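Here is a short briefing on a protein and its ligand.

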Amino acid sequence: MDIPWWRDAVVYEIYVRSFADASGDGVGDLVGVRERLPYLAQLGVDAIWLTPFYPSPMADGGYDVADYRGVDPLFGTLADFEALVADAHTHGMKVLVDIVPNHSSSRHPWFQEALAGRGRDRYVFRDEPNNWQSTFSGPAWTQVDDGQWYLHLFAPEQPDFNWRNPDVHEEFLDVLRFWLDRGVDGFRIDVAMGLYKAEGLPDVGDQSFMSVSPIWGQPEVHEVYRQWRKLLESYPGERMAVGEVWTDSAADLALYVRPDELHQSFNFAWLQAPWSPTAFKKVIDDTLSTVPFATWVLSNHDVVRHRTRYDTADPGTGLARAKAALLVMLALPGSAYLYQGEELGLPEVKDIPPEARQDPIFFQSKGTLPGRDGCRVPLPWSGDAAPFGFSPEGVDPWLPQPGTFAALTAEAQSGDSDSTLEFYRRALACRRDLVRSIPYHLEWMDSPEGALFFSRGSLTCVINCGPDPVPLPPYDHLIMSSGPITDDSLPPDTAAWLQA
Ligand code: GLC
C-alpha cells in the first residue's frame, strides 16, 4: 500500500484569530495566514489546520457557526480562502478546515426558525431539562420564551443539533462537499465524540467526562463517520478527517479510527501525560497497540501551553522539557500536530486582566476558571513592543500581548541557532529527511532509570526525564539534541536523536 500523506505528516494548527492580522482590525485573518505561508514552509510543516473562519457571532471564538458555507468578514472572503488554499498547495502544504457538527450558533437560520416554533426537531428541545452540565460550567439547558428548554453542551449560544434528524445528516454531507469542492485536503472534526445523545436523555450520576456516557460516545455516531469516509474517498487525492475525540482509554479512541471511519484522531493521552518515562511509555504502548495510525499533540487552543504545564509541575524546567518532548514526539510513529507559537517557545499568558478576557469559560464559570485566552494571545512576529507585527502599528490586538514577547518574536529568533524557532526548523528538517526511510515500527531498548530509549531502524531516540545524567547507548553519530549533551551522557530534561 502506498503510504498516505497524512500518516507521517506534521500538521500546524492555525488559530486564525491569533495568527496574523492583515486587515488591521486587531483580529487575525485569512490574508494574514496567506502572507505568512513562506514562514510555515520554512518551518517545514506538511499541512495547516485552520480553526473556524465561518460567519459567527464569536461567542466561542468561531466554534459557534452561523453559516457553514462562508467566511466571516472578520476573517476575509471566500476568494481569500481560495487564494490561501491555492498558495498553500503551491508551497506543498495541505489544508485542513474545522467542521463543527455537534452544535451551531444560536444565530444559525435553523435555530432562529426553531425559536420561532418551526423545525425544533433539528435541535434538542424539551419541556423539562435533565441534570446535564455544560462543558463550560453551569447547566446545559436554556429556556426559551415559550417555556421549552434547549440543550447546549457548551455555551448557550451553541445549541446542540439533533443527529437523530436526517436533515442534519444531509446538511453536513453537503457542507463537507462545499469545502471539498474548494480544494481542502481534509477536516478536523470538532467534538467528534459528541453529536448523538442517549435516547431519552437520562440524568447522569457523575458529571465528570467519560468517553462513553449518555452525553458522549453514543454508538450511532460511528455511522456518521462511515458515511463521511465514503464521501472523502469519492474525491480525488487523499482527503482525510481527524477527529477531536476526548476519551479515557485508547480502546475507546480506536473505535473512531476503524478502517472505514475517521483517518486519524487526536491522541490527547500524550498531552495529558506527566513528565515520567513510565507514563510516556504507557501512552506510547497503548496508542501503538490500539490505533492503526497514531497522532501526537502537546498543545492546542484549548489547553495550557505545554511549556507552562511542564514549568508549573517543576519550575524552571518548562522550555527544556518542551523541546525534549517535541523531539520524542517527532520520533514516534505517526503524525504530529503542532500549535502555533510553540515553535517560538511561547508560554501561557497568565496575567490577562479580567476585563480583557474573552473566553466563554471565564464568564460561564463566573471568573472561577481562567479559560483558554492564555494560549490564544496573538503571535509575536517582530519588533520590541505590542502589537509585535501581529497587527499594523498602533492597532490593539484582540487580546493584550505581554512585553516579554519581545524576546520571543519570530524575527528575534530567526538566524539565532540557540533559539527555539531554529531548533524546531532543524528538528522538522531532520524528520523530513528521515521519516520515510525508517520503519513505522518502534522497538524499546534497555533504558537507565528515569530515561526512555527506543529505536526505529537506524534512528535511536533517547529522553532523560530523571534528575541525574544517564549514559547514552552506543551510537555512530548525534543527529540532534534538545539541549547541550556530552559524548556519552544525557543530561536531565534532554532528548536526542542518534544514528545507530
Ligand atoms: C472544541 C474546540 C473548542 C470549542 C469546543 C466547542 O473542543 O476545540 O475550542 O470551545 O469544541 O465547540
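How much space lies in the largest cavity? The answer is about 50 Å³. The model is a predicted one. Rolling a probe the size of a water molecule over the atoms shows where empty space is left.

**Cavities**

- The count comes to three cavities of 30 Å³ or more.
- Arg305, His306, Arg307, Leu319, Ala322, Glu342, Gly345, Leu346, Thr420 and Tyr424 line the largest cavity.
- By type, the lining of the largest cavity has four nonpolar, three polar and three charged residues.

**The ligand site**

- The ligand takes up the space of the largest pocket.
- Around the ligand there are 14 residues.
- Asp60, His103, Asp190, Glu244 and Asp302 come nearest among them.
- The shell around the ligand divides into seven charged, four nonpolar and three polar residues.

**Polar contacts and cover**

- In the side chain of Asp60, an N or O atom is 2.6 Å from an oxygen atom of the ligand.
- For His103, a polar side-chain atom lies 2.9 Å from a ligand oxygen atom.
- Arg372 also has a polar side-chain atom 2.9 Å from an oxygen atom of the ligand.
- On its own, the ligand has 300 Å² of accessible area, and the protein covers 96% of that.

Note on methods. Residues numbered from 1 in each chain as written. Predicted model: local features only at pLDDT ≥ 70, side-chain atom pairs only at ≥ 80, totals over all residues. Heavy atoms only, no water. Near = heavy atom within 4 Å. Polar contact = N/O pair within 3.5 Å; in protein donor to acceptor, adjacent residues only side chain to side chain. Areas by Shrake-Rupley, 256 points an atom, 1.4 Å probe, with all protein chains shown as cover. 1 Å grid on protein atoms, 1.4 Å probe; cavity = no way out; pocket = protein on both sides within 12 Å on 5 of 7 lines; lining within 4 Å. Sits in = over half its atoms within 2 Å of the grid points. Nonpolar A, V, L, I, M, F, W, Y, C, P; charged D, E, K, R; others polar. Points joined across faces, edges and corners; volume = space filled by probe spheres on them.
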